[in-house]
Amino acid sequence: MSQLTLEAVAERLEALERTVADLTKPAIRPGTGDWDAAAKAAAALRATYDFDAIRDQDECDLRHANDHLQ
């Protein structure tokens, strides 16, 4: 087995630091977003999304929760 030198340890440390830096990069970099497209998508969602659907479904589920017992 070869002996570990200070240079070899330094090279391994640098490689490890590069790997950690690559793994911890933010997925979204500031200044790279298409904010107009995001605003349009949010407006379309507000215009078409049924915000009461979950509440209505929950009420229906509660009304029929015991149906399988009869």
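What percentage of the 70 residues of the protein chain count as buried, and where does Glu14 sit?

A: This is a predicted model, in which local features need pLDDT of at least 70 and side-chain atom pairs count only at pLDDT 80 or more, whereas totals for chains, interfaces and linings use all residues. Residues are numbered from 1 along each chain as its sequence is written, and side-chain values use heavy atoms, with hydrogens and water left out.

Of the 70 residues of the protein chain, 0% count as buried (under 20% relative accessible area with a 1.4 Å probe, protein chains only; exposed is over 50%, and partly exposed lies in between). The radius of gyration, taken over C-alpha atoms, is 28 Å, while a compact globule of 70 residues would have one near 11 Å (by the rule of 2.2 Å times the number of residues to the power 0.38). The C-alpha trace spans about 75 × 45 × 10 Å along its principal axes.

The chain holds three helices and zero strands (DSSP runs, H or I of at least four residues for helices and E of at least two for strands, numbered from the N terminus). Glu14 is found in helix H1, residues 6–23, and counts as partly exposed because its relative accessibility is 45%. Together with Glu7, Glu11 and Glu17, Glu14 forms a negative surface patch (residues with over 30% relative accessible area and no salt bridge, like charges being joined within 9 Å; a salt bridge is a side-chain nitrogen of Lys or Arg within 4 Å of a carboxyl oxygen of Asp or Glu). Across the protein chain there are 8 positive and 14 negative side chains, and the centres of the two sets lie 6 Å apart (Lys and Arg count as positive, Asp and Glu as negative).

Methods. Charge placed at Lys NZ, Arg CZ, Asp CG, Glu CD. Patch = residues over 30% accessible without salt bridge, like charges linked within 9 Å, V, L, I, M, F, W, Y side chains within 5 Å. Areas by Shrake-Rupley, 256 points an atom, 1.4 Å probe, with all protein chains shown as cover.
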